[in-house]
Amino acid sequence: MPIPLTAYLIVAAILFAIGVYAVIAQRSAVMILMGIEVLLNAVGLNIVSFWRYVSPGDYSAQIFLIIIVTIGAVEMGVGLAIMMLLFRNRRTVQVDKYEDLQG
Amino acid sequence: MGGGHECPMELWAILPELVVAGFGLVLVPVAGWARGRVRLIPIWASIVGLVIAMGLTVRMLPWEPMAVFCETYAVDGFGTVFKLILEAGALVTLLICLGYFKNHPLIAHAPLAVMFSTLGCMGLASCLDLGLIVLFLQMLSLASYLLVGLVRDDPLSNEATLKYFIYAAAALAIMAYGLTFLYGLTGSLNLNRIGALLNTGDAGVWIALAMGLILVGYAFEMTVAPFHFWAPDVYQGTTAPMAGFLSAVPKVAAFAGLLRLFLSIFPEGLPGWPTGIAIIAAATMILGNLAALRQKRLKRLLAYSSIAQAGYILMAVAVSAYTGGALDAVGFYLAVYLFMNLGAFTVAAQLERTVGTDSLSALQGVGRISPWPSAVLTLCLLSLAGVPPLSGFAGKILLLTAAMDGGLVWLAVVGVINMTVAIYYYVAVIAQLYMRPLSPEAVPVQTGLYYHVSIGICLAGSVVFGVFPGWLLALTRFLPKMVH
């Protein structure tokens, strides 16, 4: 029995929900970064399953996926560089320790 | 990204982008090894590059709308006008940097990030493809992370970078998720083809979901409620020129991107859009203005003021598909907003560089010892407040007229009430400058040639277009020329 499109979309939606939860609830900046990666994977799964079921003849959606994967890698690179910088200056990447900017 | 057929390399159509990208890329190694006086090469070269790009962009104004690179990229009046505004904003930012980072090693690195961020902004205003929207938005925010974190050993700047990075990355991912649904509903990544194929009748819920998720990404860059909370913290933590850049250039690009996406997909409008955007607009201006009332720091005050300004602009975005003058109003207001806001941030930069703080108490009585910067700040704040005959007044009239023509009279009333409340906190700053006794530790605000040039441009923008709005409206009448 072929797997329907809905099944893929539900998995992607669950990934998306996990990602949003991680971004909101995690306190460590590295874990938040992981959450963002999960969010991007939800996007990737969504676009590929739409491509397969909606317009399998047109490969442009795969380019979209490559862009998303690249963005994930770039974001990881820049994000970890920022975390390293923060850790060097403050010895912590717990986001709730960063509370000087208020008013 | 159309399937199968040949796509010619229409490089002539993206010459301004190529110039900005070329200058940015060539300057990367230069900024790496530049020492001493050579450190000034990147910033001067970037300024030259932006001026060339502006010249090339002006040349494209009268061109007929066309879609190039397999219909993924638009060359039309809409994109060209916004590209001009964005390039002007980047140019003024670089002039502020010339004064602010004088004798500072960062003067070599700042222009690169400004160039790449501007490139992302220009692309966002012109691209017609869902993939390119994500790509350019990412290019814009990636360079902006670096701009915010430019001063690496400052704890406040670090904190601002962390906040900006997390929110921007999450907003982008959420927006990309929304974009995939537009593809899923139509099987196309092209905005115009999505517009032609999308059946607004039976897919209403999915369209609403997709547009809601997409709005998250744009609302973040536009600093629109409820995704505005990062702006005050980030502006306070980063340097004043970069705060000015963030408050102007990416915001203009996000408005352009949102309008292009909406008007390409729903040229006839979308049921529920005016009401939805109107509610967001009202919430944004109310939250921004109320928070601005109790600010003690100039950059935070300008951040909340820029949030409120985004709310005013949204009034016309809400009716953009229904009223002829709405696009002109948005374009006009964004252009004058850029000038008056960057003018205010120029003075904030001068103040921060001289006194080391941007707290409003440092401004006490400064009007007496630094008449020129104080006068500029006064004029820019009055223009932001919408006092006639300054540009902000003309822009606000256009926005309110557009909202009323579109049938959103209640929103126009909320807007007017907000603008009246806002006058209070703008005038409070001006009173601080002129009415208070000079504090003993006050020093004259540093001036210099480059500040004068940037101030001159911003003042001209904040005053001239108020007296002669027709000059700017002659430019914004190219806006409705879009690829369809």
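**Helix packing and chain contacts**

Reply: In chain B, helix α4 (residues 110-126) packs with helix α5 (residues 130-148) at an angle of about 155°, and their axes are 8 Å apart. The model is predicted: local features need pLDDT of at least 70, side-chain atom pairs count only at pLDDT 80 or more, and totals for chains, interfaces and linings use all residues. Residues are numbered from 1 along each chain as its sequence is written, while chains are lettered from A and ligands numbered from 1 in the order in which they are written.

Me: Is α4(B) roughly parallel or roughly antiparallel to α5(B)?

Reply: That angle makes α4(B) roughly antiparallel to α5(B) (over 145 degrees; under 35 would be roughly parallel).

Me: Which classes of residue make the contact of α4(B) with α5(B)?

Reply: This contact has 15 nonpolar, 4 polar and no charged residues. Among the residues of α4(B) are F116(B) and L119(B), and α5(B) gives residues including F136(B) and L140(B). Contact requires C-beta atoms, placed from the backbone, within 7 Å.

Me: Now the chains. How many residues of chain A are in contact with chain B?

Reply: 38 residues of chain A are in contact with 39 residues of chain B.

Me: Which element of chain A gives the most?

Reply: α3(A) does, with 16 residues. By class, the side of chain A that touches chain B has 27 nonpolar, 7 polar and 4 charged residues.

Me: Another topic: is K296(B) buried or exposed?

Reply: K296(B) counts as exposed, because it has 11 C-beta neighbours inside 10 Å (exposed means 12 or fewer, buried 20 or more). K296(B) lies in the loop between α11 (273-292) and α12 (298-318) of chain B.

Terms used:
Two residues are in contact if their C-beta atoms, placed from the backbone, lie within 7 Å. Helices (H or I, at least four residues) and strands (E, at least two) are DSSP runs, numbered from the N terminus. Ala, Val, Leu, Ile, Met, Phe, Trp, Tyr, Cys and Pro count as nonpolar, Asp, Glu, Lys and Arg as charged, and the others, Gly among them, as polar. Axes are lines fitted to C-alpha atoms, for helices over the stretch in contact, and angles run from 0 to 180 degrees between N-to-C directions. Angles under 35 degrees count as roughly parallel, over 145 as roughly antiparallel, 65 to 115 as roughly perpendicular and the rest as oblique.
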